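I opened this notebook to keep track of what I looked up, one entry at a time. The entries follow the order in which I went through the model.

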Amino acid sequence: APASLLSRFRGALVAAVLGDCVGGEFEGAEDVPLDRVLQHLSGLEDETRGDGILQYSDDTAMTRCVAQSLLTRMGFDEQDMARSFAKEYSLAPGRGYGSGVIQVLRKLASPQLSDVFQPARAQFGGRGSFGNGGAMRAAPFALAFRSAADVRRYARFGAMLTHSCSLGYNGAVLQALAVHLSLQGDLALPQKFISKLISEMEEVENDETSRSDAKVLNLAEFPYCARLHRVKELMEQNSVSIEEVISELGNGIAALESVPTAIFCVLHCLEPREGLPECYGGLERTIAYSLALGGDTDTIACMAGAIAGAHYGISAIPQSWLKSCEGAEEAEHLAERLYKLYNITQSEE
Ligand code: F2R
Ligand code: MG
Ligand code: MG
């Protein structure tokens with residue numbers, strides 16, 4: 001039976017933490033043999049290792065800030081979210097943040113700062129960051145807002161607090177929309193799911209800034225749409241190699257090189273795949289496959305985890321995997337609170 005909406009909410013936030021925690025082992029590795037991934041994952045079943053043995057990184061730290069701020073303010077409040085990022089960074093600076101974003105987080109801590117979007121605009125010589133840091137923390141926007149228009153709007157603003165390049169914030173919009181559609185059960189029809197994402201992104205990328213950023217960075221017109229079309233083509237192929245996925249979609253720290261990749265991981269693993277254990281369900285396959293791509297594994301697995309968790313629900317996550325991750329319980333708690341908020345705003349509309 002399809003998972004309940006509450007189970008999907010919990011699945012989304014907990015599987016995101018899972019992806020971050022298990023993916024940390026391979027972040028930055030170029031070649032990750034599937035055997036090593038499976039060994040790493042089967043090691044989580046060892047009860048002698050202790051609870052919360054795998055620590056979360058910036059991906060989860062910032063996702064928690066987004067969720068907490070949306071809950072406290074009962075919606076998006078840029079000042080509060082910015083303060084929350086800055087406070088979290090000052091309390092735990094060693095969570096593996098991107099080397100550029102730490103300058104923004106330091107500036108956001110200043111009480112004199114009036115425009116909280118300004119530090120992000122000053123990044124990379126005024127071009128802004130196109131890293132995946134806005135996308136990796138975007139899932140809670142899909143759990144806080146009901147309409148696709150609101151998910152788009154607030155995921156964009158939330159990302160712009162650190163990522164002012166359109167490639168950075170549009171990646172966050174795409175990730176939040178993927179979680180939004182998955183929560184509604186749209187992954188039951190995978191071709192329709194990807195087509196909906198393409199038509200949403202055609203609107204998102206059809207603005208002057210996105211068009212000009214694509215040109216300046218020497219990218220195709222409508223770069224996210226172009227990648228999503230490649231996802232569609234790969235889905236239609238009989239077999240796809242890891243090398244092909246990396247060369248067609250990427251596995252890097254840029255949002256464009258990782259958000260469409262995470263979406264592909266989920267779609268590809270809806271069915272059993274050669275090399276992945278038969279006893280694995282779809283969520284386990286998605287996490288394992290995301291790690292086997294190498295590159296920015298914690299972030300790709302975190303984003304794929306959020307989309308897959310929203311589809312399969314919390315019960316698809318093995319207890320032993322869940323128990324190994326620092327912050328899984330807190331994620332479940334935040335998801336339950338967001339579910340309540342979602343239902344309040346739903347009944348008010
Ligand atoms: N930072 C990491 N991983 C690297 C090492 C961490 C490791 N644990 C260790 O300490 O050994 N992971 C985390 O960072 C990614 C998210 O990064 P975010 O928040 O987008 O940061 P930033 O600094 O804005 O961008 C990341 C890098 O992308 C390049 N870049 C971005 N915009 C650019 C531009 N306009 N021009 C040129 N380069 C640009 C830069 O190299 C940035 O440093 C996640 O993977 C998270 O897990
Ligand atoms: Mg990280
Ligand atoms: Mg990462």
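**Entry 1, the end of helix 15.** I began just after helix 15, where Gly294 takes a positive phi of about 70°; helices here are DSSP runs (H or I, at least four residues), and strands are runs of E of at least two, numbered from the N terminus. I noted that this is a predicted model, in which local features need pLDDT of at least 70 and side-chain atom pairs count only at pLDDT 80 or more, while totals for chains, interfaces and linings use all residues. Residues are numbered from 1 along each chain as its sequence is written, chains are lettered from A and ligands numbered from 1 in the order in which they are written, and side-chain values use heavy atoms, with hydrogens and water left out.

I then asked how many residues of helix 15 are buried, taking buried as under 20% relative accessible area, exposed as over 50% and partly exposed as in between (1.4 Å probe, protein chains only). I found 11 of the 11 residues buried, so helix 15 is largely enclosed by the rest of the structure. The buried residues include Glu284 and Arg285 as well as Leu283 and Ile287. Among the elements that cover them are helix 1, helix 14 and helix 16, where contact means heavy atoms within 4.5 Å. In the loop between helix 14 and helix 15 I found Gly281, which counts as partly exposed at 27% relative accessibility.

I looked up how the axes of helix 1 (residues 5–23) and helix 16 (residues 297–312) are placed, and they come within 6 Å and cross at roughly 160°. Axes are lines fitted to C-alpha atoms, for helices over the stretch in contact, and angles run from 0 to 180 degrees between N-to-C directions. That makes helix 1 roughly antiparallel to helix 16, the word being used for angles over 145 degrees, with under 35 as roughly parallel, 65 to 115 as roughly perpendicular and the rest as oblique. The contact includes Gly11, Ala12 and Ala15 of helix 1, and Ala301, Gly305 and Asp298 of helix 16.

I next asked which residues are the protein donors of the magnesium ion (ligand 2). They are Ser57 (OG), Asp58 (OD), Asp59 (OD) and Asp298 (OD), lying 2.1 to 2.3 Å from the ion; donors are N, O and S atoms within 2.8 Å of the metal (3.2 Å for Na, K and Ca), and water is not among the atoms, so sites may look incomplete. Asp58 lies in helix 3 and Asp298 in helix 16, so the pair ties together parts that are 240 residues apart in sequence. Both Asp58 and Asp298 are buried. Asp298 also bridges this ion and the magnesium ion (ligand 3), the two lying 3.7 Å apart.

Last, I checked helix 12 (residues 223–236) and helix 14 (residues 259–268), whose axes come within 10 Å and cross at roughly 25°. That makes helix 12 roughly parallel to helix 14. Met235 of helix 12 takes part in this contact and, at 22% relative accessibility, counts as partly exposed. Not counting residues up to four places away in sequence, Met235 touches Pro190, Gln191, Ile194, Phe264 and Leu267.
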